[in-house]
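Subject: Handover of a structure and its findings

Dear colleague,

Please find the structure for your review below. My notes on it follow directly after.

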Amino acid sequence: MKNTIFLLLFVFGLFACDDDNTIFDPSVEGLEIKFTPVAGGAMMHYNLPNDSDIFAMNLRYRNWQGLEILKTCGYSGDSVLLDGFTRSQETIPVQISFVNNHNEESESREYQFSTLDSAPWSFFDDLVVRSSWNGFQVIYKSPSVVTGMVHVFYLGTNPLTQQEDTILMKSFPITQRGDTLSFIQKQERSSNTVIIRTEDFQGYRVRQEIYPDIDAFRAEQWPMTAENFNDYGLSKESRIAMTGVAYLFDGELKGLERLIASAYEDPLQRTGTEVYGTYLAGPHAYEKPIILDLREQKTPAWLRLYCLYPLRANHAVSPATWGDVWIGSYEDKVPCKLSVYGNKESSNPNSEEWVYLGGLNQDPRREAVLDRWSYLTTRLDLAPEDVNELATKDPIYVDVELPPVDDTYRYLKVIVHDTFDSSKESGINYNQQEYFTLHELEVYVKKN
């Protein structure tokens, strides 16, 4: 009896094993598969057979690390991305099988595909690492399919150990349009060794490159006085209104004289004063040359232009001094477009030796007021109550940056092309005679 039972169990076991080994064998008529190489992998486009027994399609391949990857797709789509690669490769095998709704899988068929370099690898193909003022710039483009991270380091001093070490500046994902990134270093170095490392989104390092001897172009402010400035008589000089060239270089950056004068003349309301403590040029000052004499050959870094901090005092109108110039409006005398040129030997504004170095180019229209470098000067709600509060405020300025190259010049020529429009809804042109104003002017040059 026992032998009979064991025999029956053995027979049933054989049938069960035979059922487990049953292979799903669908029709593949109408199957279409095409591979297109893309960055970091391949896009597989497919058209499944018209077989109601097919529920899904399995794809098995190994990525660049040798790990087996399983991708599943079905009738709900027509393409699937085979990713996980860094370098461009040819004839990568992929096993493709079909699955029915009982999770039974057919025999696999082998296909092959090719890939293109991934974004973390090809990131370096169009990468530019170049000098920038007080640091360096990283400029890159990227392929249409982007993945991965970038880490930017430079060789510096570890603040904890005081030993030479790689200092991380920034980590960021690779973006589809590329980017231009500027890095300003706190550690002062005459030149830099920049290290750039990429990794995939699984955290595996893909590639690293080292860029030595990148000039840091350290900058410093260069002392300037009214004697080094020539505007050929454009300046509106007034002892009463405190306007003139001297105020461009007096070191006062926010409008202290105007605040003090408005409090003195009208201590309760501070409704107005004719005092400015600033530089005013005109009439018809657009397109007129201003010459800066650096007194020796220097590599110019940037010009820093300042404007008045907002104050409650109304801007002057007639019969106040220069009231017919300000006409109650300050912001439309602030430059929005200007050019800077350099000359090694001649201060003659008509010399043919002037070289264009850079400029400022901002939208003058009222609709773009929020983008103005001088926008805060219109914010009367930020006006300080007194001198002590003004001292806590940051000045309002813009840097007109010049290229970080080792060309030297003794003279700089500045030409103002336009000023901002008034942001008032009336649209009135308060600056028909083309005046412009600067509260302070600073010049920065490369350190020796």
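In which order do the 4 strands of the open sheet lie, and is the pairing parallel or antiparallel? The order is β4-β3-β6-β7, and the pairing is antiparallel. At the edges stand β4 (68–73) and β7 (109–113), each of which pairs on one side only. From one strand to the next, the twist averages 30°; such angles run from 0 to 180 degrees between N-to-C directions, with axes as lines fitted to C-alpha atoms. Strands here are DSSP runs of E with at least two residues, helices are runs of H or I with at least four residues, and both are numbered from the N terminus. Two strands count as paired if DSSP finds at least two bridges between them. In general, strands of a sheet pair through backbone hydrogen bonds.

Please note that this is a predicted model, in which local features need pLDDT of at least 70 and side-chain atom pairs count only at pLDDT 80 or more, while totals for chains, interfaces and linings use all residues. Residues are numbered from 1 along each chain as its sequence is written, and side-chain values use heavy atoms, with hydrogens and water left out.

Within the sheet, β3 (residues 56–62) and β6 (residues 92–99) are joined by 5 bridges in the antiparallel sense. Leucine 59 stands opposite isoleucine 96 in β6.

The overall form

The protein chain contains 5 helices and 25 strands. Its radius of gyration, taken over C-alpha atoms, is 35 Å, well over the 22 Å that the globule rule gives for 448 residues, so the chain is more spread out than a compact globule. That rule is 2.2 Å times the number of residues to the power 0.38. Along the principal axes, the C-alpha atoms fill a box of roughly 125 × 50 × 45 Å. Of the 448 residues, 47% are buried (under 20% relative accessible area, with exposed over 50% and partly exposed in between, for a 1.4 Å probe and protein chains only).

Strand β9 and its partners

Strand β9 (residues 135–140) has 5 of its 6 residues buried, so it is largely enclosed by the rest of the structure. On one hand, β9 pairs with β8 (residues 128–132) in the antiparallel sense over 5 bridges. These two strands form a hairpin with 2 residues between them, and asparagine 134 in the turn has a positive phi of about 60°. β9 is also joined to β12 (residues 179–184) by 6 bridges, again antiparallel. Phenylalanine 136 in β9 is the bridge partner of serine 131, and phenylalanine 136 also stands opposite phenylalanine 183 in β12.

The cavities

The structure holds 2 cavities of 30 Å³ or more. A cavity is a set of points, on a 1 Å grid over the protein atoms alone, where a 1.4 Å probe fits but cannot get out; lining residues have an atom within 4 Å of a point. A volume is the space filled by probe spheres set on the points, which are joined across faces, edges and corners.

The largest cavity has about 80 Å³ of space. Its lining residues include Phe229, Tyr279 and Leu441, and β18 (289–298), β23 (409–419) and β24 (436–438) each supply at least two residues. The second largest cavity has about 50 Å³, and Thr299 and Asp407 are among its lining residues.

Yours sincerely

Key
On a 1 Å grid over the protein atoms alone, a cavity is a set of points where a 1.4 Å probe fits but cannot get out, and a pocket is an open set with protein on both sides within 12 Å along at least five of seven lines; lining residues have an atom within 4 Å of a point.
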